[in-house]
Amino acid sequence: MRNLRGIYTIWYRDILRFWHDKMRMAGAIVFPLLFLFVFGAGLSARMGFIEPGVDFAQFMFPGIIGMTVLMSSFMAGVSVVWDRELGFLKEVLVAPVSRAAVAMGKTLGAATVALFQGIIILALAPVIGVPVSVWMVAALLLLMFLLSVSMGSLGVLLATRIRSMEAFQVVMQMLMFPMVFLSGVFFPLQGLPGWLSVIVKVNPATYGIAPIRQVMLGSSPDSPFTINVLGHPMSTWDNIAVLAVFGIAIVLLAMWSFSHQE
Amino acid sequence: MQDYVIRVENLLKKFGEVVAINDISFNVAPGEVFGFLGPNGAGKTTTINILCTLAKPTSGHATLNGFDVVRQQSQVRQSIGLVFQDPSLDERLSGLQNLRFHAMVYNIPAAVRETRIKEMLTMVELWDKRNSQVRTYSGGMKRRLEIARGLLHYPVVLFLDEPTLGLDPQTRSRIWEYILGLREQRGTTIFLTTHYMDEAEKADRIAVIDYGNLIAIDTPQGLKGMVGKDVISARTDDDDRAAEELRLRYGIEPRHDGDELTFEVTGGDEFLPVFIRELGVKIHSVRLRRPTLDDVFLKLTGREIREKEAGDIFKAMVREHGRRMRR
């Protein structure tokens, strides 16, 4: 009970801070939009259809939603490092709330913000020409939540070991951009050179992006949105299972690591 | 036997090979204002960090309000309030929001939350500023807000780590009014660290700590009694000859203190005219004073508390510089 209240309070503060920070709100949305419209518009004409009825912008759209969520939820780590630099983390660490609850609150705070931004991008579906249904939106919300909690915890985990803002930002860029670029946000994952194909399949973000795309654009085993892992075509549920296992492991690891820092 | 609110037994903390606090033991009674006096880096903050569960001791143990600081962290945390050396407020939130956050993590029942917040903000005279973002506050206002926050959950012990560092004299005395008033009203035990001697004087008892060792623990009066004598400082034409004369004629062993000659005598009021009349060296100036905690520290460690500080200020500047470079 006490820890639930702790999680809620930590979460609430991060939401409050986000609400005050209009620039961050705008920034997090402008970047994906740039990708979507500049890349989408620029390349759609040249590349034609990825699959019958799906042009490049439409192909990229679910990926951009995933990317928005992924990048935004990583802010959980930034928020921890930031609190540490500003001294506020001490106030949290001496409070009678378990450290695991603090880590969870931080993760959920960033996940909520990420979800909110993902929904804003998702609202552009009619503009891009991707049909959506109520059931699809519900499924996407759950997928985005799963992805954001996993990546948020990854951010918190890194923040327990990397103390300075500068170092954290460098590590974040080094990790986040490859994760995004090698997850199938921008290109179909079939017919890639061998080495690239291996990296893509080891990348956990791949299993966050793929099910979003499968839910929005179709999930037949022979569509270009399906990835083959060790010869097995991954269904939507297969991808979700991989992401969930990764997510749970990272959440537990982040809570453990947060509890064992001085 | 008295029931102590803080018990520390053989506490030892090492950072690698460096011993930060070396086997210290002491007790603090309920309602006491207990001062930890020593130069920067003596182990004051490390001790506080252990007592408030932010760090684990290498060996030894400590209880606070009857709870073990290693095994019963949650109960210890609920029992203490903290005002840190460095600010720990969320500057992007208002003063009110900072206190609400605190009230929620410390489980203050919703029914009394708002009245309690109002009570504390009124006490530190920040009620009118409650809705402004903390980053618009002055240094003194921030410190007052932190004190209000530290008291919000009615802690049994309030830790104040250098509570008035870097504040102007008016703000310092204001903050002291709150602290002492608090002990009167609520019987809160106050544990403070400081390297300002005049602040240490306000404590009921003082522990003097140096290089991680507890070298004395007593009331300010008792500590000064260790020096006992009055202190005379003089500037003369020839300090060496004057020193020689003091040694031969009165059996006093003076020390060179900058460009002054300092020595201790009993009955300074009577000795001073004799000294001035009889000394064969021309005297430029002479001062007589009662012993201060500075003298106590000097006597106990052979150094002035400020001597070390010069080095620390330099270190702090380097650190601050480094921090700016990183931004």
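This is a predicted model: local features need pLDDT of at least 70, side-chain atom pairs count only at pLDDT 80 or more; totals for chains, interfaces and linings use all residues.

**A first look at chain B**

B:L64 faces B:F67, a residue of strand 5 of chain B.

**The four-stranded sheet**

- Strand 4 (residues 59–64) and strand 5 of chain B run antiparallel and are joined by two bridges.
- These two strands belong to an open sheet of four strands in chain B, with the order 2-1-4-5 and antiparallel pairing.
- At the edges of this sheet you will find strand 2 (18–28) and strand 5 (67–68) of chain B, each of which pairs on one side only.
- Helix 1 (residues 44–51) of chain B lies across strand 1 (6–15), strand 2 and strand 4 of that chain. The angle between helix 1 and strand 1 of chain B is about 115°.

**The six-stranded sheet**

- Chain B also has an open sheet of six strands, in the order 6-7-8-3-9-10, and here the pairing is mixed.
- Its edge strands are strand 6 (80–83) and strand 10 (213–218) of chain B, which each pair on one side only.
- From one strand to the next, the twist averages 15°.
- Strand 6 and strand 7 (residues 157–161) of chain B pair in the parallel sense, over four bridges.
- To see one of these pairings for yourself, look for B:I80, whose bridge partner in strand 7 of chain B is B:V157.
- As background, strands of a sheet pair through backbone hydrogen bonds, in either a parallel or an antiparallel way.

**Helix 3 of chain B**

- Is helix 3 of chain B mostly covered or mostly open? It is mostly covered, with 11 of its 11 residues buried.
- Among those buried residues are B:G95, B:L99, B:R100, B:F101 and B:V105.
- The cover over helix 3 of chain B includes helix 1 (2–20) of chain A, along with helix 4 (110–123) and helix 5 (139–151) of chain B.
- After helix 3 of chain B comes B:N107, which has a positive phi, near 60°.

**Where the two chains meet**

- How many residues of chain B are in contact with chain A? There are 24, and they are in contact with 21 residues of chain A.
- Helix 2 (73–79) and helix 3 (95–105) of chain B each supply at least two residues to the side of chain B that touches chain A.
- Helix 3 of chain B gives the largest share of that side, namely four residues.
- Sorted by type, the chain B residues on that side are 12 nonpolar, six polar and six charged.

**The nonpolar cores**

- The largest nonpolar core has 145 residues, and A:L70, B:A148 and B:F159 have the most contacts inside it.
- Leaving aside residues up to four places away in sequence, B:A148 touches B:L99, B:M120, B:L121, B:M123, B:V124 and B:L126.
- There is also a second, separate core of seven residues, including B:V231 and B:F263.

**Chain B as a whole**

- Chain B contains 12 helices and 14 strands.
- Its domain assignment gives domain 1 (6–222) and domain 2 (229–290), and the centres of these two domains of chain B, taken over C-alpha atoms, are 42 Å apart.
- Along the principal axes, the C-alpha atoms of chain B fill a box of roughly 75 × 45 × 45 Å.
- Of the 327 residues in chain B, 38% are buried.

Key
Residues are numbered from 1 along each chain as its sequence is written. Chains are lettered from A and ligands numbered from 1 in the order in which they are written. A nonpolar core is a set of buried Ala, Val, Leu, Ile, Met, Phe, Trp, Tyr and Cys residues joined through C-beta atoms within 7 Å. A residue is buried if 20 or more other C-beta atoms lie within 10 Å of its own, exposed if 12 or fewer, and partly exposed in between; C-beta atoms are placed from the backbone. Two residues are in contact if their C-beta atoms, placed from the backbone, lie within 7 Å. Ala, Val, Leu, Ile, Met, Phe, Trp, Tyr, Cys and Pro count as nonpolar, Asp, Glu, Lys and Arg as charged, and the others, Gly among them, as polar. Two strands pair if DSSP finds at least two bridges between them. Axes are lines fitted to C-alpha atoms, for helices over the stretch in contact, and angles run from 0 to 180 degrees between N-to-C directions. Domain bounds come from an automatic or database domain assignment.
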